[in-house]
Amino acid sequence: MGYGFRALAVTAALIGVTAAAHADWKPAERVETYRVSGRTGIELYRSIGENGPVVGVGRAVAYTDFKLLWSRDYRPQPDGSCKLVTARPNLTITYRLPKAPDNLPEATRRAWQAFLAGITAHEKVHGDIIVDMVRQIEAVSVGLSAPADPGCQKVRAALQAKLGPLSQAQRQKSRDFDREEMRDGGNVHQLILALVNGG
């Protein structure tokens with residue numbers, strides 16, 4: 001389709017992380033909207049194509065982004081090594097979604113509500129992928145150490161080396177999810193057809 005869902009995210013699947021390891025933090029979530037206009041489903045969808053967020057080389061229906069900051073405590077150890085004892089994330093996930101006029105005809109309103117609920121659910125999966133990535137970063141961070149590292153530079157470099165693969169894995173997971181959702185007959189494809197044909 002001409003307009004699809006995209007997500008800028010850095011994530012990987014959660015593996016081997018216990019609930020206790022990440023129970024003390026939760027992401028903040030924000031919703032931003034952009035205006036679309038029209039009285040029918042096809043008019044609303046065309047307006048999405050004209051006004052949706054620019055992602056890559058085109059426009060998207062919706063977009064999930066995030067801001068991630070870390071509070072890390074590196075501690076030199078008596079044996080000359082350095083250990084990362086805590087790594088606490090501050091994660092904000094932002095969902096950018098279309099907003100239609102309030103005074104839509106009844107049939108269009110129903111079609112739009114179903115469409116918006118579907119794309120919101122789609123974007124929430126991208127949010128879950130981001131959270132999983134952050135939890136995995138947390139898991140590989142806490143307890144990481146490097147010998148002969150009194151200035152805690154080696155352990156920082158060791159952590160950075162782990163982040164690239166996690167980022168790449170997330171991007172692939174997001175791409176795979178979008179590809180499945182946006183294929184002919186996929187969930188997003190069905191949502192678009194229902195909006196265009198039902199409103």
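1. Helix axes are lines fitted to C-alpha atoms over the stretch in contact, and angles run from 0 to 180 degrees between N-to-C directions. Helices (H or I, at least four residues) and strands (E, at least two) are DSSP runs, numbered from the N terminus. The model is predicted: local features need pLDDT of at least 70, side-chain atom pairs count only at pLDDT 80 or more, and totals for chains, interfaces and linings use all residues. Residues are numbered from 1 along each chain as its sequence is written, and side-chain values use heavy atoms, with hydrogens and water left out.

2. The protein chain holds four helices and six strands. Read from the N terminus, its elements follow the order β-β-α-β-β-β-α-β-α-α. Of its 199 residues, 40% count as buried, where buried means under 20% relative accessible area, exposed over 50% and partly exposed in between (1.4 Å probe, protein chains only). Contact means heavy atoms within 4.5 Å. Among contacts between residues at least 6 apart in sequence, 75% join residues at least 24 apart.

3. How do helices α1 and α4 pack? Helix α1 (residues 41-51) and helix α4 (residues 187-198) meet at an angle of about 130 degrees, their axes being 6 Å apart. That makes α1 oblique to α4; angles under 35 degrees count as roughly parallel, over 145 as roughly antiparallel, 65 to 115 as roughly perpendicular and the rest as oblique. Gly 41, Ile 42 and Tyr 45 of α1 make the contact with Ile 192, Leu 195 and Val 196 of α4. By class, this contact of α1 with α4 has five nonpolar residues, one polar and no charged. In this scheme Ala, Val, Leu, Ile, Met, Phe, Trp, Tyr, Cys and Pro count as nonpolar, Asp, Glu, Lys and Arg as charged, and the others, Gly among them, as polar.

4. Helix α1 also packs against α2, at an angle of about 45 degrees and with the axes 10 Å apart. That makes α1 oblique to α2 as well. Gly 41, Leu 44 and Ile 48 in α1 meet Thr 108, Trp 112 and Phe 115 in α2. The residues of this contact of α1 with α2 divide into four nonpolar, two polar and no charged.

5. The buried residues of α1 are Gly 41, Leu 44, Tyr 45, Ser 47, Ile 48 and Gly 49. They pack against β2 (28-35), β4 (58-76), β5 (82-99), α2 and α4. Gly 41 has 0% relative accessibility and therefore counts as buried. The C-alpha atoms of Gly 41 and Trp 112 are separated by 7.1 Å, although the residues are 71 apart along the chain.

6. Rings of Phe, Tyr and Trp (its six-membered ring) pair if their centres lie within 6.5 Å; planes under 30 degrees apart count as stacked, over 60 as edge-to-face and the rest as tilted. By this rule the count comes to one aromatic pair. The rings of Trp 112 and Phe 115 have centres 5.4 Å apart and planes at 40 degrees, so the pair is tilted. Because Trp 112 and Phe 115 are three residues apart in helix α2 (residues 106-141), about one helical turn separates them. Trp 112 is buried at a relative accessible area of 6%, and Phe 115 is buried at 1% relative accessibility.

7. A charge sits over a ring if NZ of Lys or CZ of Arg is within 6 Å of the ring centre and within 35 degrees of the ring normal. Arg 135 lies over the face of Trp 25, at 5.7 Å from the ring centre. Arg 156 lies over the face of Tyr 74, at 4.1 Å from the ring centre.
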